[in-house]
Amino acid sequence: MNVTRSKVQARLDADEVIAMYKNEITAEKIAKQFGVNPQTILNCLRSHGVKIRSRWDYKQE
């Protein structure tokens, strides 16, 4: 089975998404900025080998 990236993921700037995520911005906030579903952001990060943080990994505000 040949799996291809979705059209939305193909339009995302993966380097920008990864940089934002590494700067402690949540997937939800990144998704809002790009106008996509948070799961799309998580899929993009996973496909580029980025370890996904749990909600407990964020600093408490």
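Me: What covers the buried residues of α3?
Reply: This is a predicted model. In it, the buried residues of helix α3, which spans residues 27-34, are Ala27, Ile30 and Ala31. They cover an arc of only 100 degrees around the axis, which puts them on the same side of α3. What covers them includes α2 (14-22) and α4 (38-47).

Me: Which residues are exposed on the other side of α3?
Reply: One side of α3 carries its buried residues, Ala27, Ile30 and Ala31. On the other side, the exposed residues are Lys29, Lys32 and Gln33.

Me: How many helices and how many strands does the secondary structure of the protein chain come to?
Reply: Along the sequence, the protein chain shows the pattern α-α-α-α. The secondary structure therefore comes to 4 helices and 0 strands, a count that rests on runs assigned by DSSP.

Me: Which residues does Ile41 touch, not counting residues up to four places away in sequence?
Reply: With residues up to four places away in sequence left out, Ile41 touches Leu12, Val17, Ala27, Ile30, Ala31 and Val36.

Me: Arg53 is buried; how far away is the nearest side chain of opposite charge?
Reply: Arg53 is found in the segment after α4. A salt bridge requires a side-chain nitrogen of Lys or Arg within 4 Å of a carboxyl oxygen of Asp or Glu. Arg53 has no salt bridge, and the nearest side chain of opposite charge, that of Glu24, lies at 4.4 Å.

Me: Which backbone oxygen does the side chain of Arg53 reach at 2.7 Å?
Reply: Two backbone oxygens may be considered here. That of Ile25 lies 3.4 Å from a polar atom of the side chain of Arg53. The one reached at 2.7 Å is the backbone oxygen of Tyr21.

Me: What is the phi of Glu24?
Reply: Glu24 sits in the loop between α2 and α3 and is partly exposed, with a relative accessible area of 38%. Most residues other than glycine have a negative phi. Glu24, a residue other than glycine, has a positive phi, near 70 degrees.

Me: Is Thr26 buried or exposed?
Reply: Thr26 lies in the loop between α2 and α3, and its side chain reaches the backbone nitrogen of Lys29 at 3.1 Å. Buried means under 20% relative accessible area. Because its relative accessible area is 18%, Thr26 is buried.

Me: How far apart in space are Gly49 and Ile18, C-alpha to C-alpha?
Reply: Gly49 has its place in the segment after α4 and counts as exposed, at 67% relative accessibility. Gly49 and Ile18 are 31 residues apart in sequence, and their C-alpha to C-alpha distance is 9.9 Å.

How values were computed: Residues are numbered from 1 along each chain as its sequence is written. This is a predicted model: local features need pLDDT of at least 70, side-chain atom pairs count only at pLDDT 80 or more; totals for chains, interfaces and linings use all residues. Side-chain values use heavy atoms; hydrogens and water are left out. Buried means under 20% relative accessible area, exposed over 50%, partly exposed in between (1.4 Å probe, protein chains only). Helices (H or I, at least four residues) and strands (E, at least two) are DSSP runs, numbered from the N terminus. The arc is that of the directions from the helix axis to the C-beta atoms. Contact means heavy atoms within 4.5 Å. Lys and Arg count as positive and Asp and Glu as negative; His and the chain ends are not counted. A polar contact is a pair of N or O atoms within 3.5 Å; within protein, one must be able to donate a hydrogen and the other to accept it, and residues adjacent in sequence count only if both atoms are side-chain atoms.
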